[in-house]
Amino acid sequence: MKSDPGTRGQNELVGWCEPEHFIAHKPDPDRLGWDFLLEATPDHSPDRPLDQQNSLPKFLLQVKSTEQQSRVPRIKLSALKHLVDADLPAAIAVLYYTKASRRSVRRLIVPIDDGVIADTLRAVREQEAAGNRAIHNVKVPVPVARGVEIGPDGEGLSTHLHQMLGGDPSRYVSRKINFRESCGFDDEPTVGRFFIPGENARQKLGELFLGSHREIEVSDLIIERRRFGVPLKNDQLYIRDAILAMNAPPISSASIEIESSSGEWIAFSVDVFIPPPFAEGATIRFANQFFELNMDFEKRWAGMVFNYEGERDVDLAEAVSIVELGAILARESKSVTIHFGEAQLPLEMSSDQGPFSHWIPVAPVLRRISDAIERSQRRAGGPIKLSSFYEWVEDNAELLALGSTPGVNMFFPRWADDAIVDSQEVILAPMSVDIAGILYSALVEVPIVSMSRADNEIRLIGGQPTIVDDVVRAHGSDISDFIDFAVEKSRRRRNSNGPAFVAGGFENWTSSAKRN
């Protein structure tokens, strides 16, 4: 009578179960792709209450036996899919025999892991796409390369099966279900076909690719899911009328410079959005969070949008850039230059003035503050609401203007030794502001353009101020050492050996510097 390797393999596996602490159950009839259900015998620990010990893992096992050691055994695709579909950990036991041998000479345990699940579902979908749903007639190689060897008496069977779980059996089942449902869609997009009504359909479609959230009405929408890149006619969704929304990614980046005739200048990066070749029109959109420039080459027209809406949360650098840009747009004469790769395109802007003239005096010092914070090791405490930042700028406008605006009027009460003012060319004005949880301090050197005395006060008119030095410290810090250092720096720069005229009382300044 001819021996049957399959029967030998199943009988040998049953002999492994008791020493490996398994109870084997065989299905009757055998139609669902597995030969044994292995139940692990409970191992109750005395260190935990019995009512909390409920881990009784079960495993499905398919046995493949062969006497052809040079050939990879094969398995029905339907049987492999049953192991994939089962909400239990599953594996294939591969046993190799020599002719008429009673015991196997090599034993492998092949886990149904993520790789086997993906390969199996891909093969099933490819068969269906080819018109074959009778996958029980299809045999595929057992993925023995993913297998691990066990001992001649099944030593290691329990260890390797429990390693599949990686912990709690219910969590393993959840992971298996999730991967089984989601694999194959990660790298393959959903494909859709639709009709755009109207004569300007190509223009509407092209505008979808100009970035930001955009919508168009479409009809006869067919959504086709391509799992593993394979489409199926029965994996489609038809919608008669729909709204297609899109937030297209940029195709590149560019830099934009905007400059006023007064010398104010700002540069920032933007994303570049260009419609595909099949779309009508020749529009290019350059945009970031607060600025966009749309250019229509056919109409020879360009338009700009400045988003300074106060309800947005932004970081400090963006808030400062918005104020800088607003200050430039408040000027009558200004220009914009687009840098795209090695090319550049200068454009003149209209003489319309934006309603931001109140930002002109404060923008330079705000930029200086932002750059100083960026250079320091300190960071602003998270995003800030633009409306709150605008209020802060308004509250500190006079102080911020001190560092950049000529013509400032200063009034000082008379004192006994105020004759020293007559010999001074500059007044040194310390300033401090708290912003985003950080203390910024600077020493401003203001040239004295004119001076007049009254009975009770001295009036000074300043020229173009210069920031001698600045520092960023924690909120509430003492800056007296910095002021003393900056005063000496100013004196050295001006080659002055005489006393310095230092103003006091500008915000949070405390210093050991004395008026001489």
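User: In which sense do strand E5 and strand E6 pair, and over how many bridges?

Analyst: Strand E5 (residues 90–96) and strand E6 (residues 106–111) run antiparallel and are joined over six bridges, where strands are DSSP runs of E with at least two residues, numbered from the N terminus, and pairing requires at least two DSSP bridges between them. Within this pair, Ile92 has Val110 of E6 as its bridge partner. The model is predicted, so local features need pLDDT of at least 70 and side-chain atom pairs count only at pLDDT 80 or more, while totals for chains, interfaces and linings use all residues. Residues are numbered from 1 along each chain as its sequence is written, and side-chain values use heavy atoms, leaving out hydrogens and water.

User: What is the strand order of the open sheet, and which strands stand at its edges?

Analyst: The six strands follow the order E1-E2-E3-E5-E6-E8 with mixed pairing. Strand E1 (22–25) and strand E8 (148–149) each have a single partner strand, so one side of each lacks a neighbour in the sheet.

User: How much area do domain 2 and domain 3 bury between them?

Analyst: The size of an interface is often given as the accessible area lost when the parts come together. Domain 2 and domain 3 bury about 850 Å², 66% of it on carbon and sulfur atoms (1.4 Å probe, summed over both parts). Of the area that domain 2 buries against domain 3, Arg202, Phe209 and Leu210 supply 61%, more than any other three residues.

User: How many salt bridges are there between domain 2 and domain 3?

Analyst: The count is zero, taking a side-chain nitrogen of Lys or Arg within 4 Å of a carboxyl oxygen of Asp or Glu.

Notes: Buried area is the accessible area (1.4 Å probe) that two parts lose on being put together, summed over both. Helices (H or I, at least four residues) and strands (E, at least two) are DSSP runs, numbered from the N terminus.
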